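Work through the exercises below with the sequence and the model at hand. Each task is followed by a solution in steps.

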Amino acid sequence: MTISIADWRYQSRIKLAEVSETAEIEINAVLSKVLSRNLPWCLANSNIVLDPNIIEELNKKIDFLRSGIPLGYVLGEIEFFGLNFIIDENVLIPRPETELMVEAAIGWLDKYENAKKLVDVGCGSGAIIISLLKKFPDKKGWAVEISRAALNVSKKNMTYHEIKNLNFVQLDCLTGLQTKFDVITANLPYIPGDVLKELPVSKYEPEIALNGGKDGLEVINKLIDQIPSRLNSPGLVLLEIQFDQAEKIIHKLQDSIPEAIISIIKDYSNHDRIIQVEV
């Protein structure tokens, strides 16, 4: 059976709209990915008849989406901070809110040009640290991750983006790593375990990247205990958090780093999302 691009888009939109509120966006993304063409080309050439093998590949991806698999995993890539990153089921899908962390780090590094050593703890796909090193190729980065499978994804992204100055370390937070850093970023698991079980995100994304233990702060608190001996002065720490955790985390930081200047960065929904710590 053959079908034009326009007809395929129409039929797929009807099918996907039954389960998705963003069917149009997802269909366009799948079409661009499979055809290796941008959306304007696809729309301008909507009368082109698709090859049967292409139709099979397109329909397979639509079936994946209908089953609930997130678009990023279906495509095998995601855009973050204007860059494309390879992802798979071993890493968390980078969220737009996490770009706020990159923006804050860039703003700080612009002021402190002598800062050279950056570490991202719980690096996942490597989106945060690679985005920073693309902006500041003279800096040296460390990507720390407890999951070897996630580190392998980070390494693919390092190669894809031609990053030369990035070290990979498989560790639980900074345990065993004695280097002192100028910037520490961390999007660690922060969802309480009991809450996570009820969330759709738990079905497809890796639990190790989401489950923050009983109160959601188990891993974050472990890192905070390590910060005083791992952070240079001047130095910056950026921690992504759940919207209702700021007060507890700030108290913990004040106990661990009394001299720190602590502030909160709100996300696009005006929720507390990033804790910024400066010394």
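The exercises treat helix packing and then the nonpolar cores of this predicted model.

**Exercise 1.** Determine how H1 is oriented relative to H4, and list the residues that make the contact.

Solution. 
- Step 1. Helix H1 spans residues 5-16 and helix H4 spans residues 52-66; their axes lie 10 Å apart, at an angle of about 15 degrees.
- Step 2. Angles under 35 degrees count as roughly parallel, so H1 is roughly parallel to H4.
- Step 3. The crossing of H1 past H4 is right-handed.
- Step 4. H1 contributes Trp8, Ser12, Lys15 and Leu16, while H4 contributes Leu58, Asn59, Ile62, Leu65 and Arg66.
- Step 5. Sorted by class, this contact of H1 with H4 has 5 nonpolar, 2 polar and 2 charged residues.

**Exercise 2.** Describe the packing of H10 with H11.

Solution. 
- Step 1. Helix H10 covers residues 218-226 and helix H11 covers residues 246-256; the axes cross at roughly 20 degrees and come within 9 Å.
- Step 2. H10 and H11 are therefore roughly parallel to each other.
- Step 3. H10 and H11 cross with right-handed sense.
- Step 4. From H10, the residues Ile220, Asn221, Ile224 and Asp225 meet Ile249, Lys252, Leu253 and Ser256 of H11.
- Step 5. The contact of H10 with H11 divides into 4 nonpolar, 2 polar and 2 charged residues.

**Exercise 3.** Which residues of the largest nonpolar core touch the most other members, and which elements each supply at least two residues?

Solution. 
- Step 1. The largest nonpolar core has 37 residues; Val121, Leu174, Ile184, Leu223, Leu239, Ile249 and Ile275 touch the most other members.
- Step 2. At least two residues of this core come from each of strands E5 (117-121), E6 (140-145), E8 (181-186), E9 (231-240) and E11 (272-278), and from each of H10 and H11.
- Step 3. Beyond its neighbours within four places in sequence, Leu174 is in contact with Val119, Val121, Val144, Phe181, Ile184, Leu223, Gln226 and Arg230.
- Step 4. Another core, of 31 residues, lies apart from the largest one and includes Leu100, Ile129, Ala143 and Ile163.

Definitions and conventions:
Residues are numbered from 1 along each chain as its sequence is written. This is a predicted model: local features need pLDDT of at least 70, side-chain atom pairs count only at pLDDT 80 or more; totals for chains, interfaces and linings use all residues. Side-chain values use heavy atoms; hydrogens and water are left out. Axes are lines fitted to C-alpha atoms, for helices over the stretch in contact, and angles run from 0 to 180 degrees between N-to-C directions. Helices (H or I, at least four residues) and strands (E, at least two) are DSSP runs, numbered from the N terminus. Angles under 35 degrees count as roughly parallel, over 145 as roughly antiparallel, 65 to 115 as roughly perpendicular and the rest as oblique. A crossing is left-handed if the near helix is turned anticlockwise from the far one by less than a right angle, and right-handed if clockwise. Contact means heavy atoms within 4.5 Å. Ala, Val, Leu, Ile, Met, Phe, Trp, Tyr, Cys and Pro count as nonpolar, Asp, Glu, Lys and Arg as charged, and the others, Gly among them, as polar. A nonpolar core is a set of buried Ala, Val, Leu, Ile, Met, Phe, Trp, Tyr and Cys residues joined through side-chain atoms within 4.5 Å. Buried means under 20% relative accessible area, exposed over 50%, partly exposed in between (1.4 Å probe, protein chains only).
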